Amino acid sequence: MKYINRICGISLIAFLMMLAAPNISKAQEGGYVSDQEFYDNLDPYGTWVDDPQYGNVWIPDAEDGFRPYATRGHWVVTDYGNTWVSDYPWGWATFHYGRWRYDDYYGWEWIPGHEWAPAWVSWRRGGGYYGWAPLTPGISISISFGRSYRVPDSYWVCAPQNYINSPNIYNYYAPHARVVNIINRTTVINNTYVYNNRTYVTGPRVTEIRRVTHNNNVPVYRVGNDSRPNGGGRIVNNTVNIYRPQIKKAPDARPARVVNAAEYRKANPNQGIANRAGGQATVNRNNAARLAQVAKSNDNKFVKINNNRPAAQPGQQPNNRPAQQPNARPNDQQNKQQAAEQAKQQRTRQQSQAVQQRDEAVQQREQQAKQQPAQPQQRQQRAEQGRQQQPQVQQQQRDRAVQQREQQAKQQQAAQERQQQQAQQQQRQQQAAQERQQQQQAQQQQRQQQAAQERQQQQQAQQQQRQQQAAQERQQQQQAQQQQRQQQAAQERQQQQQAQQQQRQQQAAQQRQQQQQAQQQQRQQQAAQQRQQQQQQRQQQQRDKKPAN
């Protein structure tokens, strides 16, 4: 019997240890996935296309005018630098892994990548603006800082510096016609952050953002790990929770359906997804929807269907090792160590409780064995002993009654203490609720203040714009007045020249007339002199003809 009891006790201990022990073969959910996750998760939101140069690329079925790191999202400052928080359900992948490029026919294409980053962009500053543009495939961070890297003008997005952390930053983007002039007056921002031998582009530092936004309360969020795709991230208190698993390349990973890029373009030359209206690199949604419809068909000419795809296997890790989220913080490691220590202590307590329960079970069985019916003589002896011990038994019963009353009193006191603890807990909960309410009110006031500051900054910007317009109008008016004065002066000079020319002409005419008059008088005098001479000659001739007396 003791042997059986011992076996039962050992079995009970083993069972309790199995319950207490952690399941070490189960990896952390969302810790490790293959790149098949990209193909499966993004498939409902766009079309996979087989590009001749980059292989399987993804075309989003987004709205008209879509641009990466510009449409439906905003920037927040985290411990990794400026991080793009997207409103798209597929933003966790396309704005934190891989690269973007613009194709003249298919528009914006996302090329899958395997390394997480707060954003794969190039940053510039200057002229009161920040500018950013997606990094193209094959461009490393060091190359993006060099002068040889030339970003296409249509890739850039520019916004005033004081709105860089506004949730509605898309309302302040500079028009595309001005982007080229803005970018030509900027310089590269080459700030980086290195952690676990990985380098991340941070963009403008928080000290600079606080200075240019005139807001010393710009928050720096902590990047947390989410266990499943959650769009482009969720902001909870001071944490941005992002699904960012480690991606392992799977050689047989592929989309369920993939469109042959060359064949589709050849058959539909005028149905391109690219839209360069106004010089911007955007997307034509109607043509993107048409491409998605073709991808869902069974047309073997354009669509390749892969039925034997591997599973993404979220949460698995090779060799049954626990999965880790990338770039885990030292605090995360400490928390995990504390949790492991607590689990170990809990298992030790459970084991000791199991041993104690086993010993109690063995003692109970031994007492039951002792209480089994004995021989008649033994029964008589026990009856005699019982009669002799009856006063003692009665005393023991009275003692037990006293103990029961004392135990009841203790239970009542314990109940009162529990009630007091519950009251204290309710009070603490109420205080916590009040603190949360006060915190929410403070956050609301802070948001209102930020909104007021944004309105004030917007009003200041509008006032500056009006002042600039007034200055331009004054300058134009001054230029017009100066041109008018110049025209008047030119007209006066022309009139003066004409008057002088007329005066010279009159003087010349008068001189000619005087000269003619003088010549006429001279001729008349000569004629008179000739007549006088002729008359004198006739008179002389007449005198000569008279006879002498």
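**Figure 1. Buried charged residues around R101 in the predicted model.** R101 and D103 are both buried, and they form a salt bridge in which the closest N and O atoms are 3.7 Å apart. The side chain of R101 also meets that of E109 in a salt bridge, with an N to O distance of 2.7 Å. E109, like R101, is buried.

**Figure 2. A network of salt bridges that includes R265.** Salt bridges link R265, R101, D103 and E109 in a network. The structure as a whole holds 6 salt bridges.

**Figure 3. The salt bridge between R150 and D153.** The closest N and O atoms of R150 and D153 lie 3.1 Å apart in this salt bridge. R150 counts as exposed because its relative accessibility is 59%, above the 50% cut-off. D153, with a relative accessibility of 29%, counts as partly exposed.

**Figure 4. An open antiparallel sheet of 4 strands.** The strands are arranged in the order β10-β9-β8-β11, and their pairing is antiparallel. Strands β10 (157-160) and β11 (187-188) are the edge strands, each pairing on one side only.

Figure 5. Strand β8, which comprises residues 121-126, pairs with β11 in the antiparallel sense over 2 bridges. R125 stands opposite T187 of β11.

Note on methods:
Residues numbered from 1 in each chain as written. Predicted model: local features only at pLDDT ≥ 70, side-chain atom pairs only at ≥ 80, totals over all residues. Heavy atoms only, no water. Salt bridge = Lys/Arg side-chain N within 4 Å of Asp/Glu carboxyl O. Buried < 20%, exposed > 50% of the residue type's maximum accessible area, 1.4 Å probe, protein only. Pairing = 2+ DSSP bridges.
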